[in-house]
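I set out to look up the open spaces in this model and to note what lines them. The entries below follow the order in which I consulted the structure.

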Amino acid sequence: IMTNANIPKSIAVIMDGNRRYANNLNLKKEKGHEHGLDTLLQLINWSLLFGIKEVTAYAFSIDNFNRTEEEIIFIKKLIKE
């Protein structure tokens with residue numbers, strides 16, 4: 001269905017809602033962040049398949065520094081992975 005003319009060269013996503021996702025499923029917030037990372041990795045794989053050369057993920061905003069130190073450390077660990 002898609003032609004090369006319709007495929008972007010780059011895409012950007014804002015990683016938001018991982019804690020709400022976990023909360024809705026009665027999971028720990030860390031599990032929500034892990035699911036968010038899994039989804040980002042799937043997006044990167046799909047991008048490779050479609051020939052998208054650049055993926056930008058906004059994964060940590062200034063507001064995230066208002067979270068607990070434990071959660072900040074966990075998110076930073078995931079970002080490094």
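Entry 1. I worked from a predicted model. I began with the second largest pocket, for which I noted a volume of about 170 Å³. For its lining, I recorded that β1 (10–14), α1 and α2 are the elements that give two or more residues.

Entry 2. I then listed the residues that line the second largest pocket: V13, I14, M15, D16, N18, Y21, G32, H35, G36, T39, L40 and L43. I looked up which element gives the largest share of this lining, and found α2, with 6 residues.

Entry 3. I turned to the largest pocket and noted about 510 Å³ of space. I found that 22 residues line the largest pocket, and that M15, N18, Y58, A59 and F60 are the closest to its centre.

Entry 4. I asked which elements each supply at least two residues of the lining of the largest pocket. I recorded α1 (18–24), α2 (29–50), β2 (54–58) and α3 (69–80). Of the elements, α2 gives the most to the lining of the largest pocket, with 4 residues. I divided this lining by class into 11 nonpolar, 6 polar and 5 charged residues.

How values were computed
Residues numbered from 1 in each chain as written. Predicted model: local features only at pLDDT ≥ 70, side-chain atom pairs only at ≥ 80, totals over all residues. Heavy atoms only, no water. 1 Å grid on protein atoms, 1.4 Å probe; cavity = no way out; pocket = protein on both sides within 12 Å on 5 of 7 lines; lining within 4 Å. Points joined across faces, edges and corners; volume = space filled by probe spheres on them. Nonpolar A, V, L, I, M, F, W, Y, C, P; charged D, E, K, R; others polar.
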